[in-house]
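Please keep the sequence and the three-dimensional view at hand while reading.

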Protein chains: 2
Amino acid sequence: MPAKKPYHKENLRRDLLEAGRAYIEANGHLGLSIRTLAQQVGVSPGAPYHHFPDRRSFLLALAIDGFKEMLAVSQSIADSTTKPAERLRELGLAFIRFAETYPHLIDLMYESELTSPTLDEELLEFQRVGHDALRRQIAAVVPDLSDQEIDLRTLAYWSAIYGFASMRRKGIIHTSPGAVATVDIAEAIVDRAALSALTS
Amino acid sequence: MPAKKPYHKENLRRDLLEAGRAYIEANGHLGLSIRTLAQQVGVSPGAPYHHFPDRRSFLLALAIDGFKEMLAVSQSIADSTTKPAERLRELGLAFIRFAETYPHLIDLMYESELTSPTLDEELLEFQRVGHDALRRQIAAVVPDLSDQEIDLRTLAYWSAIYGFASMRRKGIIHTSPGAVATVDIAEAIVDRAALSALTS
DNA sequence: CCCTATATCTGATCGTCGATTAGATCAAGC
DNA sequence: GCTTGATCTAATCGACGATCAGATATAGGG
């Protein structure tokens, strides 16, 4: 048994996803090669195609895992907070934190060939879930608004959070010398986003 | 003379950039192939490499052209408006309009291999210029703030504008049935962004 | 225990791409 | 007209995504 190498990998799909996740975390998704990944887990170049129809599908699976992981975090936040305003704030902060922890994964999820030129339908669904979570909190904090108005404010809030996280990832945040800590900046931005969503 | 095809292209660099711009506008930058482009303008596969060291540099040149074009629009707005608050609003709207007119070009400029994993240094410079333009208007509208505070508010404003344009490009804007026109949404978002940048 | 059905992987192959290089071709100045 | 320097051709390399026939392993029924 130790002489002959085992022919099959036990669970190739899982191993590929793990290797892919590790690669992306380290280098981003752009240079990810199915062939190299196959070689890395000790399998022939064609093997992955029995588990994923093409490279895009592989990346999509990784992105979906990322969304699930992120939504799990959101859920735990929703469970551990009580007041809607507090929830709104914590959800915003959580996204920024997640984006900071896994910047390359977020890139894949939000700014990759999976989202442009045309956003993948499956990913769109996850976006809706996240959007709705924010929407619910805003509707709770500021009741008696039309659906349109709530949509607008949700959009304003999410745009600010997403935009900030996106710029942060790219290292575009230029602050004056003597700047505050980045964590504080994130909190300040979230608070200002809430301002734009909840006032008047 | 009409029998023999001319050996050289007159200005290959310019022709390649034009063809590249056209391709990107139609299909996005992801599928852009230097070889295909060369063939399109009637030149051998290796010819482009006498004008651009590699594919990345070619895309970079296209992105820079895009930034210059966008800054020209900004400049004309800065010249044709008087009040800082008005300028701030118009600049925000202009970015959103530009992003809507050339979505794939904006993708290249802000969400491509040129910006992630590491943002190209030349592009960063353009970002600074745009950021400073916004910053100046905000500082004018709300004087007597610390540099830090102005930075923060500029960041809040720009995050919201950029985030909105980014979501819009990806078709993530989900509004309730009976939604207002998208242009109105853009204006509403810009106004809410100003709210978060200028209040309290 | 064997034998068959099915899932999985190998190994070779195709076409495309980015990039490099030697050599051909052109335009300009002496 | 000859030389110099820039520009392009044509051939080539290595890597990649994807496909496919055939080999190999696993599971279930006799």
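## Helix 4 of chain A

Helix 4 of chain A covers residues 84–101, and at 1.5 Å a residue its 18 residues should span 26 Å; the C-alpha atoms at its ends lie 25 Å apart, which agrees. The model is a predicted one, and the values reported here are computed from it.

Which residues of helix 4 of chain A are buried? They are R87(A), L88(A), L91(A), G92(A), L93(A), A94(A), F95(A), I96(A), F98(A) and A99(A).

## Two related chains

The same surface serves both copies, since 98% of the contact residues of chain B recur in chain A.

Where does E111(A) lie? Its place is the loop between helix 5 (103–110) and helix 6 (121–141) of chain A. The relative accessibility of E111(A) is 8%; because buried means under 20%, E111(A) counts as buried.

The side chain of E111(A) makes two polar contacts described here: one with the side chain of Y162(A), at 2.9 Å, and one with the side chain of S166(A), at 2.7 Å. Leaving aside residues up to four places away in sequence, E111(A) touches residues of chain A, among them H29(A), I106(A) and R169(A). E111(A) also touches Y110(B), E111(B), Y162(B) and K170(B) of chain B.

## A salt bridge between the chains

Over all chains, the structure holds 36 salt bridges. One of them joins the side chains of E149(A) and R192(B), with a distance of 3.3 Å from N to O. This pair crosses between chains: E149(A) belongs to helix 7 (residues 147–169) of chain A, and R192(B) to helix 8 (residues 182–198) of chain B.

Are the two partners buried or partly exposed? With a relative accessible area of 23%, E149(A) is partly exposed, whereas R192(B), at 9% relative accessibility, counts as buried.

## Salt bridges within a chain

In chain B, R55(B) forms a salt bridge with E113(B), and their closest N and O atoms are 3.4 Å apart. The pair links distant parts of the chain, 58 residues apart: R55(B) is in helix 3 (residues 55–80) of chain B, while E113(B) is in the loop between helix 5 (103–110) and helix 6 (121–141) of chain B. R55(B) is partly exposed, at a relative accessible area of 23%, and E113(B) is buried, at 19%.

A further salt bridge connects the side chains of E111(B) and R169(B) at 3.9 Å, N to O. E111(B) is buried, with a relative accessible area of 8%, and R169(B) counts as buried at 14% relative accessibility. In chain A, salt bridges that share partners join D107(A), E111(A), R169(A) and K170(A) into one network.

Notes. Residues are numbered from 1 along each chain as its sequence is written. Chains are lettered from A and ligands numbered from 1 in the order in which they are written. This is a predicted model: local features need pLDDT of at least 70, side-chain atom pairs count only at pLDDT 80 or more; totals for chains, interfaces and linings use all residues. Side-chain values use heavy atoms; hydrogens and water are left out. Contact means heavy atoms within 4.5 Å. Helices (H or I, at least four residues) and strands (E, at least two) are DSSP runs, numbered from the N terminus. The expected span of a helix is 1.5 Å times one less than its number of residues. Buried means under 20% relative accessible area, exposed over 50%, partly exposed in between (1.4 Å probe, protein chains only). A polar contact is a pair of N or O atoms within 3.5 Å; within protein, one must be able to donate a hydrogen and the other to accept it, and residues adjacent in sequence count only if both atoms are side-chain atoms. A salt bridge is a side-chain nitrogen of Lys or Arg within 4 Å of a carboxyl oxygen of Asp or Glu.
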